[in-house]
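Here are some notes to read alongside the model, for anyone opening it for the first time. They go from the whole chain down to single residues.

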Amino acid sequence: MFQPAPFARPRTAVTTAALAAALLSAGCTSLAPQYARPQLPVAASYDAPANSAADSALPAWRAYFAAPALQALIAEALTQNRDLRIAIARVEQARAAYGIERAARLPLVAAQASGQRQQVPADLSLTRKEMITSQYQAGLGVSAWELDLWGRLASLRGAALEDYLASDAARRAVATALIAHVAEGYFDVREMDQRIALARRTLATRQESYRIYARRVAVGATSRLNLAQVETLLLQAQALTSQLEQERDRKRHALQLLVGSAAPLPEAPAPSANAADQAFADTLPALAPGLPSALLERRADIVAAEHQLRAANANIGAVRATFYPQVSLTAALGTASAELDGLFAGGSRAWTFAPSITLPLFDGGRRHQNLSLAEARRDSAIANYEKTIQGAFRDVADALSAQAWLGRQLTIAERTLQVQRERARLSQLRYDNGAAAFLDVLDAQRDLLSAEQQLIQLRRAVLGAGIALYSALGGDPAVAAAPLAASNDLPPDHT
């Protein structure tokens with residue numbers, strides 16, 4: 001509520017405007033510490049075998065994951081995944097919070113109209129007579145508009161902007177991780193499909209072997225012990241198939257949760273005679289890791305951590321400003337009259353101008369503790385930023401190491417499979433010729449199935465290492481660098 005007074009003369013109005021302009025021009029001081037990016041807390045290069053340190057741009061996710069079925073799943077997940085929707089909502093919350101802080105630098109101008117009638121009893125009246133008074137007023141007012149002489153509001157606005165940018169970077173990190181998780185889930189399902197196809201082929205073979213040996217027992221051509229041993233292999237194949245079917249259903253359900261909708265998942269491929277050899281026709285392009293310093297711009301989680309550090313730095317400036325006087329203005333311009341019909345008559349103009357200055361003299365150390373808290377939070381943000389960089393460095397190093405060593409393991413597994421196939425063939429041949437016991441055939445067939453399953457798992461692991469490296473390097477550059485699609489760009493006046 002404001003109490004209007006008579007209008008100022010033109011010279012008074014000009015003087016008041018000049019004073020306000022001078023105070024506003026002084027509000028350019030910032031007490032926030034000068035920001036300096038912490039030094040890189042990791043080695044200058046990755047310690048990984050057989051990988052070039054040359055830097056190159058990462059491909060878009062559609063170029064890196066070429067399978068049409070996988071591309072469809074990723075596109076659906078980027079639209080429907082609930083974790084990503086939550087991250088987007090958090091960005092909008094931070095955007096609104098920045099808008100609130102941005103509006104704080106501007107005065108709140110309010111229109112007001114009021115009327116009052118009052119009866120004063122005779123014993124309270126100065127004239128010792130009963131009185132009835134009226135008062136009506138209307139106008140525009142500014143209430144307690146703080147002049148940001150020491151940059152407190154500017155620091156709070158800068159901190160809110162950095163929080164907004166951090167939340168958007170966090171949203172991009174969620175999107176990048178989502179792409180990697182969907183790709184992992186897709187290849188998990190593909191792995192199970194291939195292992196089930198191999199198990200079913202083995203099951204069909206052992207069912208035929210059981211039929212043949214049952215016939216031999218019936219005609220007395222072999223012992224029941226051999227039939228029991230063949231049946232043991234058959235039961236093992238049946239149990240393995242059931243276990244793999246259950247695991248595939250679990251992985252398909254997990255993939256559907258990631259996608260966020262009931263989108264159809266890729267169908268299992270038809271069994272082939274050489275399922276272990278034809279597994280995972282999908283390949284991923286080779287990536288150049290570059291230098292760790294490139295992660296500072298590529299990784300959205302590092303970008304988010306740096307914005308959080310900048311926000312903590314700006315908050316120190318806001319707290320420091322509380323040690324200086326706070327100047328605020330309250331003003332009003334309008335009309336006032338004792339009669340309603342005289343509210344807009346000549347001579348009813350009214351104004352008021354009431355600047356104020358406040359400087360706490362004693363607060364029990366509250367401001368010093370607030371400053372200590374802000375500085376401690378800044379130190380925590382520095383440690384979090386450095387930890388995020390170290391974690392990213394480890395992610396890349398682990399993925400590079402996995403690619404190198406899994407490649408060697410895959411070569412060994414392929415050779416092992418060839419040896420196991422030859423062993424199984426020779427064991428069967430020796431048994432048929434009476435030169436070996438049937439137990440040798442059983443052992444060879446068990447080891448062959450294990451080698452075939454292991455080869456599929458290793459090929460899946462190689463793809464997983466490629467996905468991990470792509471994600472660790474920052475993922476799709478468009479996803480990692482683009483602003484929120486629904487917002488197009490930063491809120492107005494973000495500089």
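1. Let's start with the surface. Keep in mind that this is a predicted model. The chain exposes about 26,600 Å², and carbon and sulfur atoms supply 56% of that area.

2. You'll find 12 helices and 4 strands in the chain. Of its 495 residues, 40% are buried. If you take contacts between residues at least 6 apart in sequence, 85% of them join residues at least 24 apart.

3. Now look inside. The largest nonpolar core has 46 residues, and Phe65, Leu70, Val182 and Val396 are the ones with the most contacts within it. Several helices supply at least two residues each, among them helix 2 (61-64), helix 3 (68-80), helix 6 (224-259) and helix 9. Helix 5 gives the largest share, at 9 residues. There is also a second, separate core of 11 residues, including Leu417, Leu448, Ala451 and Leu458.

4. Leaving aside residues up to four places away in sequence, leucine 70 touches Phe65, Val182, Ala183, Tyr186 and Phe187.

5. Is leucine 473 buried or exposed? Leucine 473 has 0% relative accessibility, so it counts as buried, even though it sits in a loop, the one between helix 11 (438-472) and helix 12 (477-481). Not counting residues up to four places away in sequence, its contacts are Leu58, Leu287, Ala288, Pro289, Leu295, Arg298, Arg299 and Val396. Leucine 473 and alanine 294 are 179 residues apart in sequence, yet their C-alpha atoms are 8.5 Å apart in space.

6. Phenylalanine 362 is also in a loop, this one between strand 4 (349-358) and helix 10 (366-432). Phenylalanine 362 has 74% relative accessibility, so it counts as exposed. Together with Leu359 and Leu361, Phe362 forms a nonpolar patch on the surface, with about 410 Å² of accessible area between the three.

7. On to the charged residues. Side chains of opposite charge can pair when their charged atoms come close. A search of the whole structure turns up 26 salt bridges. One of them joins glutamate 452 and arginine 201, with the closest N and O atoms 3.2 Å apart. Glutamate 452 is in helix 11 and arginine 201 in helix 5, so this pair ties together parts 251 residues apart in sequence. Glutamate 452 counts as buried at 5% relative accessibility, while arginine 201 is partly exposed at 24%.

8. Another pair to look at is aspartate 395 with arginine 299, a salt bridge whose closest N and O atoms are 3.4 Å apart. Aspartate 395 lies in helix 10 and arginine 299 in the loop between helix 8 and helix 9, so parts 96 residues apart in sequence are tied together. Arginine 299 is buried, at 9% relative accessible area, whereas aspartate 395 is partly exposed at 35%.

9. Finally, a pair and a network. Aspartate 379 forms a salt bridge with arginine 378, with the closest N and O atoms 3.1 Å apart. Which residues are linked in a network of salt bridges? Those are Glu184, Asp188, Glu247, Arg250, Lys251 and Arg460.

How values were computed:
Residues are numbered from 1 along each chain as its sequence is written. This is a predicted model: local features need pLDDT of at least 70, side-chain atom pairs count only at pLDDT 80 or more; totals for chains, interfaces and linings use all residues. Side-chain values use heavy atoms; hydrogens and water are left out. Patches are made of residues with over 30% relative accessible area and no salt bridge: like charges are joined within 9 Å, nonpolar side chains (Val, Leu, Ile, Met, Phe, Trp, Tyr) within 5 Å. Accessible areas come from the Shrake-Rupley method with a 1.4 Å probe; for residues, only the protein chains shown count as cover. A salt bridge is a side-chain nitrogen of Lys or Arg within 4 Å of a carboxyl oxygen of Asp or Glu. Buried means under 20% relative accessible area, exposed over 50%, partly exposed in between (1.4 Å probe, protein chains only). Contact means heavy atoms within 4.5 Å. A nonpolar core is a set of buried Ala, Val, Leu, Ile, Met, Phe, Trp, Tyr and Cys residues joined through side-chain atoms within 4.5 Å.
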